[in-house]
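Please read it with the structure open.

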Amino acid sequence: MKRLISVILTAAMIISVLALGAYAKDDDSLDFAVASDLHYVESSEPIEHNTDDPIFYYANRRAQMENESGFIIDEMLRQCAENDECEFLLIPGDLVNDGRTIFQQHIDVAEKLARFEKETGKQVFVIDGNHDLGNDSETTAEQFKKVYYEFGYSEALTVREDDCSYTANLGDKYRLIALDSCDPDKSTEDGMSKDKVNWVIEQADIAKEDGRYPILMMHHNLLDHMPLQRIISRNFIVRYHFTTAELFADHGIRIVLSGHEHCSDVTSYTSALGNVIYDFANTSLTMYPLQYRMLHMTDDEITYENRKITSIDTAALSRAVPDFTEEQLALMDKDFEAYSKEFFKVSIKYRLSRGMNTEQMGIDEDEFYFNIVNAAVTGLTDMLDMPYYGENGIQALASEYGLEIPDSSYENPWDLITEIVAMHYAGSEKFDLESTEVTMLLRTLVLVLRVDFANITDSLYLVNLANKIMSNFGIESVSVELTKLGIKVFGAVNAFEYAVLGLISPFLYTFAYDGDGVDDNTGTLPGYGTVSTVGNLLNITDNIAGILDKTVFFMTMMMKYALKGLGISISS
């Protein structure tokens with residue numbers, strides 16, 4: 001009897017193991033990480049003093065944590081290594097910061113990725129970005145494919161000869177189409193062409209014939225991730241992007257993984273046939289908010305969430321870069337995310353303020369309009385540095401011009417502006433037009449315009465002469481007094497200013513508030529297997545309804561401000 005029981009138990013165990021093996025084999029899910037724009041820099045350069053900030057004096061124009069980059073990459077790889085759900089790591093370009101001039105950076109990153117693959121058995125797939133290579137640079141396309149041969153090209157089903165594009169299988173049911181979207185001659189432009197678009201379509205069709213779902217990875221964005229991106233930052237999005245998105249969607253591509261813009265944003269496009277394509281723009285790993293994505297894909301759904309780098313090996317960083325102070329290292333250890341955010345905000349201020357002078361604008365002192373422009377720029381920079389609150393703060397000054405600045409925790413306009421920009425990069429923007437932040441931004445803008453108008457007027461010869469005469473009677477600025485008088489007579493904001501606010505309100509709304517219905521950082525989307533005729537018809541109707549709702553919303557917003565300028569108030 002005991003022998004019979006043993007045989008039965010053994011058979012049950014074998015059946016269980018076989019069942020588990022069959023389940024694992026039939027599991028067509030896919031789990032992978034996406035970390036973009038690593039912008040690696042060797043951590044041995046001395047720290048530059050770019051700003052007057054006591055802690056973040058090494059902030060730079062691009063807001064990139066260059067000296068810390070290698071250790072941030074190491075931490076991301078460590079997390080992926082310990083994450084059992086992470087099967088693959090995908091990197092959509094800009095692996096290094098200076099690949100066009102320093103080939104050694106590529107060697108360093110390739111060594112990190114090689115160690116990761118060897119220790120974990122997990123495969124890495126890369127594609128180039130605009131910082132990685134160029135025809136007449138230290139790194140060419142051929143050199144890129146050689147140094148990163150083990151990270152996509154060795155497993156490639158096909159590789160384009162003229163650029164770095166290739167295809168490779170991911171798991172049992174998906175195929176990666178890694179597209180080189182860069183211009184090899186101009187680092188500031190995208191290199192999309194009819195030939196590349198046709199190649200992607202061809203590879204997507206082949207993937208479907210092979211029973212696989214196509215996933216596209218490229219450096220440049222396919223869709224807009226900020227208002228008027230095609231105009232404001234045209235080099236960050238592929239040309240003819242709506243036409244391209246239409247073609248890609250109708251040929252079965254549902255997911256696009258991109259970088260370049262350095263923001264966390266997921267947006268969608270519905271083709272005329274009802275096919276939906278999602279563009280996942282990923283942040284720069286080595287810039288606030290220091291995050292990468294994890295995606296889990298099945299036939300039914302696609303779930304995603306962001307993972308953050310909350311700490312690095314500061315002891316190793318200190319050995320590599322002795323210039324870091326004990327205070328800086330202590331702040332990193334205490335809250336690395338908060339440290340990176342402050343670094344980001346100081347960097348954004350540094351970048352924007354660099355161009356706020358007549359020298360950077362290329363205006364000579366002998367130009368007839370020099371005094372006017374200089375007065376305007378000086379007035380703006382002075383206002384941005386002013387504290388919001390206190391006896392000589394912006395709140396008190398604004399009240400003299402008939403404007404009310406609400407109480408808040410923001411120290412000055414720079415603090416407010418950089419906070420809004422930081423929120424855009426972090427994704428899931430929360431500042432709508434009724435928020436304290438946008439209200440303060442709009443009213444500060446009006447105040448700047450009014451004070452600047454007075455400063456510009458005062459710079460004119462006749463007004464300057466009048467100011468000298470009136471100073472004997474205790475009036476320092478004729479322009480300021482006339483502006484304040486106009487406010488008492490005509491109100492705090494005139495019709496023209498309301499019209500301007502009406503025109504810019506949709507832009508501010510879409511930049512500061514993410515209301516497109518697709519969460520940027522965590523969410524669930526329909527999987528590749530949910531595509532159907534009925535579903536596409538529903539997508540078309542939903543898309544039309546969404547466009548109409550958005551049009552009515554923005555028109556109402558603009559009319560609200562325009563009518564308010566005429567003294568007519570309407571309820572929202």
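1. Start with serine 69, which sits in helix α2, residues 69-82. The model is a predicted one, and the points below should be read that way.

2. Is serine 69 buried or exposed? Its relative accessibility is 0%, and buried means under 20%, so serine 69 counts as buried.

3. What lies around serine 69? A polar atom of its side chain is 2.7 Å from the backbone oxygen of glutamate 66. Beyond the neighbours within four places in sequence, serine 69 touches Leu38, His39, Tyr40, Val41 and Thr286.

4. Turn next to the cavities. The count is 1 cavity of 30 Å³ or more. The largest cavity has a volume of about 40 Å³.

5. Which residues line the largest cavity? They are Val34, Ala35, Ser36, Ser264, Ala281, Asn282, Thr283, Gln291, Tyr292, Arg293 and Asn306. By class, the lining has 4 nonpolar, 6 polar and 1 charged. Strands β10 (276-283) and β11 (291-297) each give at least two residues to this lining.

6. Now the confidence. The chain has a mean pLDDT of 83, and 79% of its residues reach 70 or more. Residues 456-470 have pLDDT below 50, yet this stretch has 23 contacts in the model beyond near neighbours in sequence. Residues 1-26 also stay under 50. For residues 1-26, the model has 1 contact beyond four places in sequence.

7. A caution on reading such stretches: where pLDDT is low, the predicted coordinates should not be taken in detail.

Definitions and conventions. Residues numbered from 1 in each chain as written. Predicted model: local features only at pLDDT ≥ 70, side-chain atom pairs only at ≥ 80, totals over all residues. Heavy atoms only, no water. Helix = DSSP H or I, 4+ residues; strand = E, 2+ residues; numbered from the N terminus. Buried < 20%, exposed > 50% of the residue type's maximum accessible area, 1.4 Å probe, protein only. Polar contact = N/O pair within 3.5 Å; in protein donor to acceptor, adjacent residues only side chain to side chain. Contact = heavy atoms within 4.5 Å. 1 Å grid on protein atoms, 1.4 Å probe; cavity = no way out; pocket = protein on both sides within 12 Å on 5 of 7 lines; lining within 4 Å. Points joined across faces, edges and corners; volume = space filled by probe spheres on them. Nonpolar A, V, L, I, M, F, W, Y, C, P; charged D, E, K, R; others polar. pLDDT = per-residue confidence, 0-100.
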